[in-house]
2 protein chains.
Amino acid sequence: MKRFNELSPCERRKVYSELSASYEEYKAKGLSLDLSRGKPNGTQLDISNGLLTVDLTDSYKTREGFDCRNYGIVDGLPEMKEFFADVMGLRKEDIMVGGNSSLQLMFDSLMRAMVFGVYGSERPWSQEKGLKWICVAPGYDRHFRITEKLGFEMLTVKMGKDGPDMDEVERLARDPKVKGIWCIPKYSNPTGYTYSDEVVERLVTMQCGAPDFRIMWDNAYAIHDFSEDADELVDIFTVARKHGTEDRVFYYSSTSKVTYPGGGVALMAASENNRRQIAPYLGAQTIGYDKINQLRHLRFFNSPENLRAHMLTLGSVIKKKFDIAFASLNSLRGLGIAEWTEPRGGYFISIDAMPGTAKRVFELASSLGVVLTAVGATFPYGIDPDDSNLRLAPTYPTDEELSLACEVLVLSIKMAALEKLGI
Amino acid sequence: MKRFNELSPCERRKVYSELSASYEEYKAKGLSLDLSRGKPNGTQLDISNGLLTVDLTDSYKTREGFDCRNYGIVDGLPEMKEFFADVMGLRKEDIMVGGNSSLQLMFDSLMRAMVFGVYGSERPWSQEKGLKWICVAPGYDRHFRITEKLGFEMLTVKMGKDGPDMDEVERLARDPKVKGIWCIPKYSNPTGYTYSDEVVERLVTMQCGAPDFRIMWDNAYAIHDFSEDADELVDIFTVARKHGTEDRVFYYSSTSKVTYPGGGVALMAASENNRRQIAPYLGAQTIGYDKINQLRHLRFFNSPENLRAHMLTLGSVIKKKFDIAFASLNSLRGLGIAEWTEPRGGYFISIDAMPGTAKRVFELASSLGVVLTAVGATFPYGIDPDDSNLRLAPTYPTDEELSLACEVLVLSIKMAALEKLGI
């Protein structure tokens, strides 16, 4: 088929009329499908069901004999740190193991920054006026929600194939009011892009106006490769230490999409200066996180090798979902009305529909019973300036549901484009 | 034996010399004992070992069919709320189930107050100067640590048999700079005293200078009775609602000392206005707490009745420890050098040694290998103005260790008193 913008008005009307017939057929099906949520489905969760039966009766102690049923060890079991260090490529001494949620560790980090400041702050951030934050977009709505609630003015920088537009990031970071940046460096939500070595290097070497600028490095998909043919992300701490800027980095990850969302284990990694600054506040916040769940994860996986095998099993299940979505999206190829990403890992596909049509796509799909992620959710303040980006989360539906939902999505993208071009 | 202050100098020297002989005998034993930590021991923890083997393979869904392995339900499973409502005597709609730590929920509440304010605040607390906080003492060091880190000036009010000195609390609360009070209303740490109905009534009816004054109601020992012959605490919400002051109350509890410290489930309860004010910030902080651990607790207990039976089993184990300590302390009776509490529940015994001797008692006991809770830890800033209070945590040692440690403690209290009186 020709590119839509090369169709004559008459041809456009003809195509639109055919699509409208399909629309009515889907309408008659009375669908109720959901592509909005970056959630695993039951089959994926079942892969971790060994966690539901781990019997710790004879193994509730650490290697050193510490009884994990009791109080103590605020920043994580030594063997949990070693395990994470191995699988994430971190140094174990940099790791603080937290509760079940890396988002919570991020929120807590910025709350501490507001009330106490971070290492290198001249005063608590709440005592400064007009603070700003760099948001790479499209990005993760829950990151943006945190900085919005904390009152930061959010500055949008475009996400590209190699990471954020670094010229723009460097320009903005020179402003002393700019306190940090949100980054999902590998299989970024929602584009699936991975930061290049050069982008990482520029992030840790750029000149920051604020002496207490922080890179919020949410490496949520650090190990979420679909196969061994995977993206490679350089270790930001290794690069930063070369330049003496490791204090600039707050690193987060979790097993939320490795085992169970909500029932997993989260971590933060940071330099010695940062850890030392955080320790007294962490010690005031809690006597300790859930060590039993750390043990449960350690016993379930037993070794980093088993975790890697587990991730490949998981990856192949998720890849199947992505392939179903790609197959549908393929029918948009050559029409000049949409571009999309084909990541080798992570949880999302990002689609750029024809500018000015995303909201209409959402509306059309909704009217057929297919719920998409709210348009704009991937941008600060929930506003996509181009009204173009759609986030596709293919993991939750069954194969059949996903296939149907993607057909509806493709149909909606086509109809919205034709409406925009004029029919 | 006579009261120590009625002994002649010669008699005092004679008694001291006998005690010194005992001291040397204990010294020769090379003890290494710990009475400092309010931690359960292995036997107590074993009572909850069913938690280590709960198999959720066929029961990972809620009553309504929600898959707890997945994202969602930020403020707790409905059945967990109902369960807590039953055992704590709360309304289920007031409950927000949190992670593993009520201390963390308290810290987070005050961090939110600093950054966003609470319901009724004119501005975030961090934007006000010279804030103060009422600390009932002797009390819980970790409460005091939070308000100290947050920069509150801490005002000490004496804890009595019926609760804090309410005349003093009422006087202080009139100051608009005073934002709240820490309370452990039942089997208070460390005295074991329970607030009377009148004290609770006065707390919720007193005039507060600050429109956003908060009672931090840490009901940690709500269900920690040794037997059915137990202290009764009136439900603060019931009383407050009568007077329309329920917004003044932030309520906390957990299963840390019901099942496992660190591996349990915590809760916060609050009025509708408070919950509504908190919800958007809680929603920014996390997608959800660990629901699997909530389920695990529900399956382990199965019913509130089983929990009550569990607490009586636990109570009888802890009571035995307290009785061992009481037996030793009895030898201080009539000497006029120490008073102590004999609670019917909770975790601690509070001893008031002769004023000006607590530090010396600590030193003497330490020199014999018995670690006591740091003197002053039960007061704001770690300073006991009378140098008198000692917190005894009898739960952790074995019976034999506890018995030995208490003998050493009694010996140290006597020697320190005689040194003070002059020998």
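In chain A, the C-alpha centres of domain 1 and domain 2 lie 31 Å apart. This is a predicted model, in which local features need pLDDT of at least 70, side-chain atom pairs count only at pLDDT 80 or more, and totals for chains, interfaces and linings use all residues. Residues are numbered from 1 along each chain as its sequence is written, while chains are lettered from A and ligands numbered from 1 in the order in which they are written.

**Confidence**

Chain A has an average pLDDT of 97, and 100% of its residues score at least 70; pLDDT is the predictor's confidence in each residue, from 0 to 100. For the model, ipTM is 0.96 and pTM is 0.97.

**Two domains in chain A**

Domain 1 of chain A covers 4–44 + 308–421, and domain 2 covers 61–302; these bounds come from an automatic or database domain assignment. Where they meet, 24 residues of domain 1 of chain A are in contact with 28 residues of domain 2 of chain A. Contact here is defined by C-beta atoms, placed from the backbone, that lie within 7 Å. On the domain 1 side, α11(A) gives the most, with six residues. Helices (H or I, at least four residues) and strands (E, at least two) are DSSP runs, numbered from the N terminus.

**Chain B against chain A**

Between the chains, the contact takes 46 residues from chain B and 46 residues from chain A. On the side of chain B, α4(B) gives the most, with six residues. Here is how the two sides divide by class:

**A helix with a buried face**

Now look at helix α6 of chain A (residues 166–173), whose buried residues are Met166(A), Val169(A), Leu172(A) and Ala173(A). A residue is buried if 20 or more other C-beta atoms lie within 10 Å of its own. Seen down the axis of α6(A), the buried residues fall within an arc of 125°, so they line one face of the helix. The arc is that of the directions from the helix axis to the C-beta atoms. Their cover includes β3, β4, β5, β6 and α7 of chain A.

Definitions and conventions:
Two residues are in contact if their C-beta atoms, placed from the backbone, lie within 7 Å. A residue is buried if 20 or more other C-beta atoms lie within 10 Å of its own, exposed if 12 or fewer, and partly exposed in between; C-beta atoms are placed from the backbone.
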